[in-house]
Amino acid sequence: TDLLPRFADAIGIDVYGVGCDGLEFLAAGSDEPLRVWGELPADRLHTAMGRRRCYLHPIRWTSLGLSLIEAMHLGMPVVGLATTEAVEAVPPDAGVLSTSVDVLTDALRMLRHEPAWATQMGKHAREAALARYGLPRFLADWDRLITQVTKG
């Protein structure tokens, strides 16, 4: 949460998820809003996310958050810290990852003002998510494993 005010100052952000109620105070004095929506049912969350220009992933410690993969499946470009498994999950043409908050805020502003760029990155994000985390790949891995075990 320590980075949220800087991102909110850059373009404003919407925050969704468990345990985020009460974060509005972080954007006090900001010209751009930090809107906190809390935990939404999946269908409402996906609809709300689909109306946003990009997905901000300021996570430093989880291995790979499901929300990142969901956002990519929805065709959202990713802007996030170059930490954890995000570096492996998000190809360069699907988002901007960096350890520099300035680079990330610049990317957020660019995505806000360049919708065609955001759309193209979002398409790449969806393709990458489907290829690596989609159901066909998952089922193929299971089939391969079952074949190995039953032959072994």
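Helices, in what follows, are DSSP runs of H or I of at least four residues, numbered from the N terminus. With that settled, I note that the structure before you is a predicted model. I begin with helix α6, in which P115 is found.

P115 has a relative accessibility of 43%, so this residue counts as partly exposed.

Two packed helices are described by the angle between their axes and the distance between the axes. For α5 and α6, the angle is about 105° and the axes are 5 Å apart. The angle therefore makes α5 roughly perpendicular to α6. On the α5 side, the contact is made by A107, M110, L111 and H113, and on the α6 side by P115, W117, A118 and M121. By class, seven residues of this contact are nonpolar, one is polar and none is charged.

The other partner is α3, residues 66-73, while α6 itself covers residues 115-133. The axes of α3 and α6 come within 7 Å and cross at roughly 120°. Because of that angle, α3 is oblique to α6. Here I69, M72 and H73 of α3 meet A125, R126, A128, A129, L130 and Y133 of α6. The contact of α3 with α6 comprises seven nonpolar residues, one polar residue and one charged residue.

Let me stay with α3. Which of its residues are buried? They are L68, I69, A71 and M72. These residues cover an arc of only 160° around the axis, and so they lie on the same side of α3. The elements that cover them include α2 (42-50), β3 (55-57), β4 (78-81), α4 (86-89) and α6. After α3 comes G75, with a positive phi near 80°.

Helix α1, residues 4-11, may be described in like terms. Its buried residues are L4, F7, A8, A10 and I11. Their arc around the axis is only 155°, which means that they sit on the same side of α1. They pack against β1 (13-16), β2 (34-38), β3 and α5 (101-113). Just after α1, G12 adopts a positive phi of about 85°.

Most residues other than glycine have a negative phi. T84, however, has a positive phi of about 55°. This residue is found in the loop between β4 and α4. With a relative accessible area of 30%, T84 is therefore partly exposed.

I close with the aromatic residues. How many aromatic pairs does the structure hold? It holds one. The ring centres of F138 and W142 are 6.2 Å apart and the planes stand at 75°, so the pair is edge-to-face. Both residues belong to helix α7, residues 135-151, and they are four residues apart, about one turn of the helix. An α-helix has 3.6 residues a turn, so residues three or four places apart point the same way. Are F138 and W142 buried, partly exposed or exposed? F138 is partly exposed, its relative accessible area being 40%. W142, at 42% relative accessibility, likewise counts as partly exposed.

How values were computed
Residues numbered from 1 in each chain as written. Predicted model: local features only at pLDDT ≥ 70, side-chain atom pairs only at ≥ 80, totals over all residues. Heavy atoms only, no water. Axes fitted to C-alpha atoms, helices over the stretch in contact; angles between N-to-C directions. Helix = DSSP H or I, 4+ residues; strand = E, 2+ residues; numbered from the N terminus. Parallel < 35°, antiparallel > 145°, perpendicular 65-115°, else oblique. Contact = heavy atoms within 4.5 Å. Nonpolar A, V, L, I, M, F, W, Y, C, P; charged D, E, K, R; others polar. Phe/Tyr/Trp six-rings, centres within 6.5 Å; stacked < 30°, edge-to-face > 60°. Buried < 20%, exposed > 50% of the residue type's maximum accessible area, 1.4 Å probe, protein only. Arc of directions from axis to C-beta.
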